[in-house]
Amino acid sequence: MSKRAGLFISFEGIDGSGKSTQARLLADTLRAQGREVVLTREPGGSPGAEQIRALVLEGEPDRWSPHTEILLFTAARRDHLERTIAPALAAGKVVICDRFADSTRMYQGLSRGDLRALVDQLHDLMIGREPDLTLLIDMDPETGLARALARNGTEERFETFGADLQRRMRAGFLALADEFPDRIRTIDGNRTADAVAADIRTAVESALA
């Protein structure tokens, strides 16, 4: 299986939309089919990027300016791409990533200032790679925020910005789906996990074919 062309899949959506759960379910499904899968996440996915993850996801909401966040996320993504994503794809594996550049386009490029152009410039300069398929799990913002806060974890810096941010993020992600229709598939996340997973499998099977 590893001699097949690699496939890069990302999961996107607001906080609490079920991305991580669905990424794990998809990885399990593909592995059961005999495919080699790398399940990873952003920020993180490599030792250096995981260190940056703690910097950007923990602490006070105003710990970093939007410009600084963009630089930190881009640095983490570059390390992740070099050390994890690109080698796996070159080996013919399926890479499933919980968030990628679309999240930076939203959280830093849209939500905290009109910085989308800067995000895209840095992405073109330092990353230069989009997923082959992005699965956008669309979720009611209030429901998603309640789920995210119920986790009671330490990585809740963005959740503390409140429901207004989640509403703007949802609208922004849906706009991205219109902007990149060949890459992004929108999945209704306001259903059972099994129903969501079934639609995801259909979308991925089409991409693999």
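These notebook entries record what I looked up on salt bridges and cavities in this structure.

**Entry 1. Ground rules.** I am working with a predicted model, in which local features need pLDDT of at least 70 and side-chain atom pairs count only at pLDDT 80 or more, while totals for chains, interfaces and linings use all residues. Residues are numbered from 1 along each chain as its sequence is written, and side-chain values use heavy atoms, with hydrogens and water left out.

**Entry 2. Salt bridges.** I searched the whole structure for salt bridges and recorded 19. A salt bridge here is a side-chain nitrogen of Lys or Arg within 4 Å of a carboxyl oxygen of Asp or Glu.

I looked up R78 and E82, whose side chains form a salt bridge at 2.7 Å, N to O. The two residues lie four apart in helix 3 (residues 66-90), so about one helical turn separates them. Helices are DSSP runs of H or I with at least four residues, numbered from the N terminus. R78 is partly exposed at 31% relative accessibility, and E82 is partly exposed at 41%. Partly exposed lies between buried (under 20% relative accessible area) and exposed (over 50%), with a 1.4 Å probe and protein chains only.

I turned next to E142 and R167, which form a salt bridge with the closest N and O atoms 2.5 Å apart. This pair links distant parts of the chain, with E142 in helix 6 (residues 141-150) and R167 in helix 7 (residues 163-179), 25 residues apart. E142 has a relative accessible area of 38%, and R167 has one of 40%.

I also noted a salt bridge between D188 and R191, at 4.0 Å between the closest N and O atoms. D188 is partly exposed at 36%, as is R191 at 31%.

Finally, I recorded a network of salt bridges that links D102, R105, R116, D120, E130, E179 and R183.

**Entry 3. Cavities.** I found three cavities of 30 Å³ or more. A cavity is a set of points on a 1 Å grid over the protein atoms alone where a 1.4 Å probe fits but cannot get out, and lining residues have an atom within 4 Å of a point.

The largest cavity has a volume of about 50 Å³, the volume being the space filled by probe spheres set on the points. I listed its lining as I70, T74, R77, A101, T104, V119, L122, H123 and I127. Helix 3, helix 4 (101-107) and helix 5 (116-126) each supply at least two residues of this lining.

Definitions and conventions. On a 1 Å grid over the protein atoms alone, a cavity is a set of points where a 1.4 Å probe fits but cannot get out, and a pocket is an open set with protein on both sides within 12 Å along at least five of seven lines; lining residues have an atom within 4 Å of a point.
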